[in-house]
Amino acid sequence: MKKLMITALLVTISISSLMGCGKSNTPENGQVIVYNWGEYIDPDVITQFEEETGIKVVYDEFETNEIMYPKIEAGASDYDVICPSDYMIQKMIDNDLLSEINFDNIPNVKNIGDQYFQQSKEFDAENKYSIPYCWGTVGILYNKTMVTEPVDSWSILWDEQYKDNILMQDSVRDAFMVALKLNGYSMNTTNPHELQAAKDALIKQKPLVQAYVVDQVRDKMIGNEAALGVIYSGEAIYTQRENSNLEYVIPKEGTNVWIDSWVIPKDSKNKENAEAFINFMCREDIALKNFEYITYSTPNDAAHDLIEDEDIKNSPIAFPTLSDFEGLETFQYLGEDADEMYNQLWKEVKSE
Amino acid sequence: MNKNKKWMATPYFIWSIAFIIIPLCMVFYYGLTDKTGAFTLENIIAITTEEHWKALWLSLLLSTISTLLCILLAYPLAMILCNASINQDGFLVLIFILPMWMNFLLRTLAWQTLLEKTGVINSILSALHLPSLNIINTPYAIILGMVYNFLPFMVLPIYNSLSKIDRNVVNAARDLGANNVQTFTKVILPLSLPGVISGITMVFVPALTTFVISNLLGGSKILLIGNVIEQEFTQTNNWNLGSGLSIILMIFIIISIVISTITDKDGEGNSL
Amino acid sequence: MIRKSLQTVYVTLIFIFLYAPIVTLIVLSFNSSKTRAKWGGFTLKWYSALFKNDTILQALYTTLIIAMLSAFLATIIGTVAAIAINGMKKRNRALFMGITNIPMVNAEIVTGISLMLLFISLKFQFGFTTVLLAHITFNIPYVILSVLPRMKQLNPNTYEAALDLGATHTYAFFKVVFPDILPGVLSGFLMSITMSLDDFIITHFTKGPGFDTLSTKIYTEVKKGIKPEMYALSSIIFVSVLVLLLLINCAPTDKNKEIVK
C-alpha cells in the first residue's frame, strides 16, 4: 500500500512538473502557434519576429488543405494563425471556425494590393477573415531535355510516351482540377456527370503517373526523376534556379488561380499575438525576404516594388497578367455533399 | 500478502480502463454511428464497396506474400545461426536483428533512396550498362519494404524456438535411423512451429495494417486498408467511416490471432 | 563442405539485404553532391548542418525525453501490476492478461486512432502530455510480460522468511523480491525505450502543434523531399545504437529471449 502511494506520488509529481515545464517555457510576451504549408516561410523571418516582439513562435506545417482542416475542426490544437487556400477559408467561414481579424492591429495591411482583396471576396465576401499571403497559378513544370514537343495543354499528361514520368498532385481538388479543365469543365463543378468523366480521365491517366506527390514534386523535378509535373507556380522560379532545364507553363485550357491567406481560428488563445504575426508578415521587407526564399508570388505590392532583380520583378511566371489567360478560376467551397462526392471519386481513382 | 498485492493492480487497472478499454469503445461507438450519432451499420458495410474491398484485398494479399517470404528467408537463416559455431552468446543473431533498432521510417526511407528512378541501385545498374530496375511505386516495392522491415521479427522467434530444441532429441532421431529430411520434418519443424507461429503474428499484423510503407514506397498510388483508414481521419475527416473500417481490421486481426492460437495448441509459443 | 559454403553465401546475402540500405544512408551522408545519383566528393557539411538545425535537434531531444519518461513510468506501473497479477487467481489473471495483450496484438493504427478519439473527446491539448500518455500505454504490456516470468520463478518462501525475521513488507520487498525480478524489470525498461524510440504511428495520431519526435519529423521531411541532413542523422543513430548494443552484449544476459515477447 505504501509503495502504491509512493508510486502514485511519483507519477503525479513527474507529470505535474512536466506540465509546469511546458508552461514555464513561455516567454514574457506569450506565444503564437502558426500552422502553415511546408516550406512556405523563410526560417529567418521567424527568428526575426521572435527577436523583435518577444513572442515565441510554435511552428507547424501541413501538406494539404485537407490535412489541415480536421485538426482545426477537432479543436484539439489551439492554432493561432493558419494559412489555408481560398476554398478552404470559405469552408472554415461557413463552419464558423474563424474569428474576425481586427484590422486596426495590422497597419501593414496597406501594403497588400487592393486587387487581391477584391479577388478574396470570392471566398471571404466582406474581407473580414483573411489577409492574402501568397498567390499563384497551377501549371505544368517540364524538363526540356525529356520533353521536346511544345507543352501547352493538360493533355500532355495523358500522353503514353511519358509513362512513369508524370507527377500528379496528391490532393483531391488539384487532381480533379486538371482532369476537369482537360475536359473543358469548370473546376468548381458539382455536376456528377462531369465529375464522373474527370474520374475516368484520372483512372485512365493513373498507369502513366509515376507518383502522386505534394511538396516532393519540387525535388523530384530538380533531380530529373520525372519529365512532367503538376506544380504551383511559386515553385517554378525556385526549381528553375536549381535546374535550368525546367520550364513552367500555364495550359491553354485554363487553370486554378489561388490565394493562400492568413486567418485566425476561433479557438485561438493568443489573438493579439496572431495579429502581430500577420502584421509582421505584411511588412514589406519581411514579405520580400519570404518571397526571395520561397519564390511564391507575393500580393504585397510594396515588397514587389523592392525586388531588385528586374527579370523576376517582371517575371510572367511569378507575376502573370491574368487577363492574358483564359479559363482561369478560383476554387470555391462546394458544400458538404460535393466534398463527399469529390472524396469518394478520388478514393476510387486511388484504389484503382 | 496476496490480499495486499491485489490492490497493487489498481493503478494499472485504472490505466488500462482509461487508455485501452474506453478508447476502443470509442472506436466502436464511432464505427457504429453516423454523423448525427444515430446507430448504423453503414460504416461496417462500407467495406463491401469496391474501393474499400480492393484496398483490403490488396492489403491481405501483400501482407500474406510478405509473411511467406519472411518465413522462407528467416527459417534457413535461423537454422544456420542456431548451428553456427561463431555464434557465441547469440552475437551473430544480434547482428541480424540490429537493423530493427534503426528508426522504422529511416529504414523505409533508405529503400526509397535505393529504388528511385535515379536512385542508387539504378545508378549502379546504368554504370554497368544493365537495364534499370523500376519497382518503386509498385506493389513489389511495398512487399520489399514489408519484408525488409519485418524480417527480424520473424528471425528472432524462430531462432529462439530452434535454440530451445534439445540436441539429444535430434540425435535420438538420427540414432533411430531418420535421415536428414525426416529429422527435419518429424522433429525440428514441429518443435520450432511455435516460433514460426509467433513470427507470423508479429509480421502479418503490422504488414496488414501499415500505411507508412505503402505511402513511402508506393508513391501514393497504392491504397492499402491502412491508408484508407488514415486518410479518413486525417484528410476526408469521416471518423465514423474510419472507425467502421478499423473494426473490420480488428476482426481480421482477431481471426489471424485465433488461427495461430489454434495451431499453437501446445501453448509453447511466445506469449503474444 | 559445399553445404557449409552454401550456408555462408546465404547468410552473406541476407546480411547484404539487411545492411545495404543502412550503408547507403551512411555513404550518402558524406556525399557533398545534393542529388543521390552522383558522388560529389567527401564532405562533413551535412553533419555540421545537422547540428545547426534546431528543429531536428529539438525533435531528437523530445524523442529521448518521451522515451525515458514513458519507459520509466511504464516500468513502475507495469512492475507493480505484474506483482499483483502474479498473486491473482486464474480468472482475474486471465482478465488482466487479456487486457495486457490488447495493445500488443492490436494494429498500431487502431491504437493510435482510439487514443486520438479519447483525447479529443476529453478536450486534451495535443502535444507532450498526449504523446507521453500514449507511449506509457503501449509500453506497460512489455514491462508486464518481462517481469511476470521472473515473478513466477520467484520462491515465495524467501519473502515469507524475511517477514518472519521481522522485515517490514517494503523492506522485504526491496531486499528479497526486487533483486530477483530486477533483470525482468530492466529488460522491460529497455524494451519500452526501444518501442518508444521507434514508434511513429501512434505518435502521428496523438501529437500536437509544433511537437515532433524524430519519427514524425522524418515523416514530414520525407514528404517535403529528403535532405542530406537526414542521412547524417540516421548514420549517427545507427552508429550509436551499434555501440550501445555492443556494450550491452559485453554483459550477456538472456535479453535476446526477452525481446521477442
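## About the model

This is a predicted model, in which local features need pLDDT of at least 70 and side-chain atom pairs count only at pLDDT 80 or more, while totals for chains, interfaces and linings use all residues. Residues are numbered from 1 along each chain as its sequence is written, and chains are lettered from A and ligands numbered from 1 in the order in which they are written.

## Chain A

Let's begin with the fold. Chain A has 14 helices and 10 strands (DSSP runs numbered from the N terminus: H or I of at least four residues for helices, E of at least two for strands). Its radius of gyration, taken over C-alpha atoms, is 22 Å, close to the 20 Å of the globule rule for 352 residues, so chain A is as compact as a globular protein of that length. That rule is 2.2 Å times the number of residues to the power 0.38.

Of the 352 residues in chain A, 48% are buried, meaning that 20 or more other C-beta atoms, placed from the backbone, lie within 10 Å of the residue's own.

An automatic or database domain assignment divides chain C into domain 1 (1-43) and domain 2 (53-260).

Turning to chain B, 67 of its residues are in contact with 65 residues of chain C. Helix 1 (residues 2-28) of chain C supplies the largest share of the chain C side, 10 residues.

Technical notes:
Buried ≥ 20, exposed ≤ 12 C-beta atoms within 10 Å, placed from the backbone. Contact = placed C-beta atoms within 7 Å.
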